Amino acid sequence: MPDTALLVIDIQNDYFPGGAMELEGADAAGPRAGAAIAKFRKDGNPVLHVRHLSVRPWATFFLPGTKGAEIHPSVVPQGGEIVIEKNFPNSFRNTDLKAVLEKQEIKNLVIAGMMTHMCVDASVRHAADLGYKITLLADACATRAQSFGGEKVPARQVHAAFLAALNGFYAKVVNTHEL
């Protein structure tokens with residue numbers, strides 16, 4: 001579909017084993033996102049990458065100029081693929097992502113990325129509010145455990161809860177093999 005793009009959010013080295021903010025499931029999600037990229041490239045549809053750079057003084061990962069901030073080899077951009085750099089969880093905040101999508105006349109987004117509960121969630125909700133039709137690739141996303149009120153929530157439950165919240169109104173949530 002010529003009006004559909006794949007948006008790959010923050011699949012960067014710091015989220016993988018040995019990185020400064022390792023996520024549960026990153027090793028599986030990265031290659032699945034890579035498979036989606038391969039399909040989009042084969043079909044001639046645009047692939048856009050979003051890369052987070054942490055510029056706040058207290059930041060501990062995605063620090064500019066570090067290997068951890070680099071895009072992971074499983075999803076490395078090729079050719080003329082656009083890389084949007086961001087400094088906030090929402091991929092649209094203070095970036096030219098919306099203008100890039102408008103210029104390419106994109107109406108539909110397929111999204112893969114990390115972290116499900118933060119940057120993916122913020123970006124999906126914003127994109128839906130802007131009127132984009134979203135397909136979210138559940139198995140091409142990863143997150144980490146969270147805690148609140150003294151209760152630890154395992155990563156798989158955080159992931160499932162955020163996907164469940166997005167599914168329906170904000171996005172159609174599917175696995176990569178369903179593309």
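At what angle do helix α3 and helix α4 pack, and how far apart are their axes? The model is a predicted one, where local features need pLDDT of at least 70 and side-chain atom pairs count only at pLDDT 80 or more, while totals for chains, interfaces and linings use all residues. Residues are numbered from 1 along each chain as its sequence is written, and side-chain values use heavy atoms, with hydrogens and water left out.

Back to the helix pair. Helix α3 (residues 116–129) meets helix α4 (residues 155–166) at an angle of about 10°, and their axes are 10 Å apart. That makes the two helices, α3 and α4, roughly parallel, a label given to angles under 35 degrees, with over 145 counted as roughly antiparallel, 65 to 115 as roughly perpendicular and the rest as oblique. On the α3 side, the contact is made by Thr-116, His-117, Asp-121, Val-124 and Arg-125, and on the α4 side by Val-158, His-159, Phe-162, Leu-163, Ala-165 and Leu-166. Contact here means heavy atoms within 4.5 Å. The axes are lines fitted to C-alpha atoms, for helices over the stretch in contact, and angles run from 0 to 180 degrees between N-to-C directions. Helices (H or I, at least four residues) and strands (E, at least two) are DSSP runs, numbered from the N terminus.

Helix α4 itself has 12 residues and reaches 17 Å from its first C-alpha to its last, close to the 16 Å expected at 1.5 Å a residue; the expected span is 1.5 Å times one less than the number of residues. Its buried residues are Ala-155, Val-158, His-159, Leu-163 and Leu-166. They cover an arc of only 125° around the axis, so they sit on the same side of α4. On the other side of α4, Arg-156 and Ala-164 are exposed. Buried means under 20% relative accessible area, exposed over 50%, and partly exposed in between (1.4 Å probe, protein chains only). The arc is that of the directions from the helix axis to the C-beta atoms. The cover over the buried residues of α4 includes α3, β5, β6 (146–148 in the case of β6), β7 (151–153) and β8 (172–174). Gln-157, also in helix α4, counts as partly exposed at 37% relative accessibility. After the helix comes Gly-168, with a positive phi near 110°.

Helix α3 has its own buried set: Thr-116, His-117, Cys-119, Val-120, Asp-121, Ser-123, Val-124, Ala-127 and Ala-128. These residues pack against β1, β3, β4, β5, β6 and α4. Just after α3, Gly-131 takes a positive phi of about 100°. Ser-91 lies in the loop between β3 and α2 and is buried, at 0% relative accessibility. Leaving out residues up to four places away in sequence, Ser-91 touches Ile-9, Val-50, Lys-86, Leu-97 and Ser-123.

Helix α1 spans residues 26–43, and its end C-alpha atoms are 26 Å apart, in agreement with the 26 Å that 18 residues should span. Ala-26, Ala-29, Gly-30, Ala-33, Gly-34, Ala-36, Ile-37 and Phe-40 are buried in α1. Seen down the axis of α1, these buried residues fall within an arc of 165°, so they line one face of the helix. They pack against β1 (4–9), β2 (47–52), β4 (108–114) and β5 (133–142). Gly-44 follows α1 and has a positive phi near 80°.

The loop between β1 and α1 holds Asp-10, which is buried at 0% relative accessibility. A polar atom of the Asp-10 side chain lies 3.3 Å from the backbone nitrogen of His-52. Beyond its neighbours within four places in sequence, Asp-10 is in contact with residues including Tyr-15, Val-50, Lys-86, Met-114 and Cys-119.

A few backbone details remain. Met-114 and Met-115 are joined by a cis peptide bond, with omega about -10°, and Met-115 lies in the loop between β4 and α3. Asn-94, a residue other than glycine, has a positive phi near 55° and is exposed, with a relative accessible area of 67%.

Definitions and conventions: A polar contact is a pair of N or O atoms within 3.5 Å; within protein, one must be able to donate a hydrogen and the other to accept it, and residues adjacent in sequence count only if both atoms are side-chain atoms.
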